[in-house]
Structure formats: structure tokens, C-alpha cells
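Biologist: I'd like to learn how to read a structure like this, feature by feature. Could you walk me through it?

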Amino acid sequence: MRALVFHGPGDIRVEGVPDPVAGDGDVLVQVELALTDGTDMKAFRRGHPVLLGPPPSPFGHEFCGIDVATGRRVVAANSAPCGVCPACGRGEQTLCENLFPLLNGAYAELLLVPEQIARTNLLPVPAGMAPEEAAMLEPLACCLHGVDRAGVRPDDTVAIVGIGPIGLMLAACVADAGGRPLAVGGRPERRELAPLFGAVPGAAEGADIVIEAAGTVESWDRALELVRPGGTVLGFGGLPRDARIVVDPYRIHYEEVHLLGAFHHTPRHVRAALAFLASGAYPFERLVTHRVGLEGVAALLADPPASYLKAAVIP
């Protein structure tokens, strides 16, 4: 089959690779389309400590496709907790000790969904849902988990630093939880989309909750500046392992600012994300701005146009 293979930062190639073979409980999926995302962008440019294996590695993880055995259109999150390790026993499923290997390799004609994921986080796509929307299951589930971690309550003012696709998804999740999302930063064309996802651009000093969604040291610093005393900062965007931020201990101690992180998703959030997409409450399809074949992914990630948010990749 044809697949996009990661060989190192800035080096991805379309190659012929052996068709995957399903073992007991695995599900073989014919990929209808895959979606690019910010994690793929970071992985393309600098590698990834969690998502990618040693190169050469399969690439891509957001997808919608057809179960080869049943003919059903399906979508899956890119991991599933084991349910038996100490972290799962504590209810901390995102910290599962057996979460890996992650589902990877959606930029290909066929994708093997491992048994642990197929059993827990492989779901049928609701009738009438476009594959582009269904493929947003995984990032939206992460956003729902993040909003839960932040403890968003009705009428909370929630500043979101970084208005890319994830920032807009977070805004929709905050609004759905009853909060008031504020869009901080971002290019003008992205700020124009914010109201479609429940957010308004504007000043955010003194916000009850600030969610960092850009994945830069500068945005983490900005988030810590914006939050009110007693408020919460949620670090949502991942940074390289060697990155460091400066935290003002006065704010943490004397102003009782809460600093939290959010990573990944749980099966509960995966199912909630699919229902949220099916509700039609927000125009998630507007986040897909480009369509490319496998050969077009490298150029798009290397030099994305100003209008780019996410691309549908057609194998």
C-alpha cells in the first residue's frame, strides 16, 4: 500500500509498504481520509517524543475510514487505557501505564487499529456525518478533557491563548459548559471565526480560567499573566521536553493561582466528542480548509498558507 513515512524532522516520504495484517481483535480500516493537526506539524518539524516511534515511522492519527471486515464507516481515538494499571485504578486514565503504542499511520491507504483501541475507542460514525467531521473525534475529545480539567463552570470567563483549530474547539467546549470564552491572539482571519465557536476576541486580563492552546513558551507566559488571583491556568499545548517557563512564585503562593496540565483523552470524552460533533451545534467543518493527497502533505506542513487550519488528506 501507499503510505506517508516519517524519516526525521522535515523528511516525510510517500512509500510502498506492506499491507498491515490484523491479529486477534485488531480491526483493519480502509482510510477514507485523514486530517492534519498541530501535533503533526510539530512532529514534522522536530519529531515527537510520544506519538512517533523510531524512524522510519508511520505518520498521522486523525482519520475516518471503512472497517474492511464489516463495511461500516468508523472512527477511532488514537489510544485507549488498559483499565488495570495503578493509574487507571485511581481514575487517571490519561496517565495509563499501558497507553502505548498509540494508533499511528493514518496517512496511508490502510490502517490497523490495535485490539486495545478497537475494543474501547473504535466507534461507528453516525449516519449523515461527513468524514471530515468524524475525523475530528480525537482532538475534540482532548479538548473536552481539558475543559473538565480546568473546572469550567457556568459564567466563568475563560481566556484561550492561541486561536488555531484547537483553540476554536476549546472555545466551543467552554461555551457548551456554560463558560464565556475569550479569544486571545491569533491572526485576523482566525479571530473572525471565533464567534462561530462561541468566543469573542478581546482583552482577557483577570480571566477566571486561562487555557494555553498555542504550544509556545510565550503563550504559557502570557497565560500566567492573564489569570486573576485564585484563578486557574491550564497548560494544554505541549512543549519540547527541554523547554522551560518562568513561573512567578508570588502568584502561585500569595494569589493562590492554580497551574494545571491536560494531556490526551478518556473513553468518556471520546464518546462525548462524537455526540458533540453529531449535534451540529458548531460548524466544525469550517476547520478543514484544504484537501491534499499524500504527496502534498510535506509541502503543506513545511510552508502552510495563511488560510490553513486543517487539511483533509486523501490517500
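Predicted model: local features only at pLDDT ≥ 70, side-chain atom pairs only at ≥ 80, totals over all residues.

Biologist: Where is Glu132 found, and is Glu132 buried or exposed?

Modeller: Glu132 is in helix α4. Buried means under 20% relative accessible area, so Glu132, at 18%, counts as buried. Beyond its neighbours within four places in sequence, Glu132 is in contact with Leu33, Leu35, Val288, Arg291 and Ala312. Arg291, the polar partner, is in that list.

Biologist: Okay, on to charged pairs. How many salt bridges does a search of the whole structure find?

Modeller: The general idea is that side chains of opposite charge can pair when their charged atoms come close. Here the search finds 15 salt bridges. One of them joins Arg13 and Asp11, at 2.7 Å from N to O. Both ends are partly exposed: Arg13 has a relative accessible area of 39%, and Asp11 has 25%.

Biologist: Which parts of the chain does the salt bridge between Asp148 and Arg268 link?

Modeller: That bridge is 3.0 Å, N to O. The pair links distant parts of the chain, with Asp148 in helix α5 (residues 137-150) and Arg268 in helix α10 (residues 267-279), 120 residues apart. Asp148 is partly exposed at 42%, whereas Arg268 is exposed at 57%.

Biologist: And what about Arg222 and Glu205?

Modeller: They form a salt bridge too, with the closest N and O atoms 3.4 Å apart. Arg222 sits in helix α8 (residues 217-226) and Glu205 in the loop between β11 (200-201) and β12 (207-212), so the bridge ties together parts that are 17 residues apart in sequence. Salt bridges that share partners join Glu205, Arg222 and Glu225 into one network. As for accessibility, Arg222 is partly exposed at 33%, while Glu205 is exposed at 54%.

Biologist: Let's go back to α10. How do I read a helix, and which residues of α10 are buried?

Modeller: An α-helix has 3.6 residues a turn, so residues three or four places apart point the same way. With that in mind, look at the buried residues of α10: Pro267, His269, Val270, Ala273, Leu274, Phe276 and Leu277. What covers them includes β6 (73-76), α3 (115-121), β8 (122-124), α4 (131-134), α5 and α6.

Biologist: How far does α10 reach from its first C-alpha to its last?

Modeller: With 13 residues, α10 reaches 19 Å, close to the 18 Å expected at 1.5 Å a residue. After the helix comes Gly280, with a positive phi near 70°.

Biologist: Phe276 was in that buried list. How do I read the aromatic pairs?

Modeller: You check the distance between ring centres and the angle between ring planes; planes over 60 degrees apart count as edge-to-face. The structure holds 7 aromatic pairs. For Phe276 and Tyr282 the centres are 5.8 Å apart and the planes are at 90°, so this pair is edge-to-face. Tyr282 also pairs edge-to-face with Phe284, at 6.3 Å centre to centre and 65° between the planes. Ring pairs link Phe197, Phe276, Tyr282 and Phe284 into a cluster.

Biologist: Are Tyr282 and Phe284 buried or exposed?

Modeller: Tyr282 is buried at 17%, and Phe284 is buried at 1%. Phe284 also brings us to Met169, as Met169 is in contact with Phe284.

Biologist: Which other contacts does Met169 have, leaving aside its neighbours within four places in sequence?

Modeller: Met136, Pro139, Leu140, Cys143 and Leu287. Met169 lies in helix α6 (residues 165-176) and counts as buried at 1% relative accessibility.

Biologist: One last feature. How do I read a sheet, and what is the order of the strands in the open sheet of 3 strands?

Modeller: Follow which strand pairs with which. The order is β2-β1-β4, with antiparallel pairing. The edge strands, β2 (11-16) and β4 (57-58), each pair on one side only. Strand β1 (residues 2-8) is joined to β4 by 2 bridges, and Val5 stands opposite Pro58 in β4.

Note on methods: Residues numbered from 1 in each chain as written. Heavy atoms only, no water. Helix = DSSP H or I, 4+ residues; strand = E, 2+ residues; numbered from the N terminus. Buried < 20%, exposed > 50% of the residue type's maximum accessible area, 1.4 Å probe, protein only. Contact = heavy atoms within 4.5 Å. Salt bridge = Lys/Arg side-chain N within 4 Å of Asp/Glu carboxyl O. Pairing = 2+ DSSP bridges. Expected span 1.5 Å × (residues − 1). Phe/Tyr/Trp six-rings, centres within 6.5 Å; stacked < 30°, edge-to-face > 60°.
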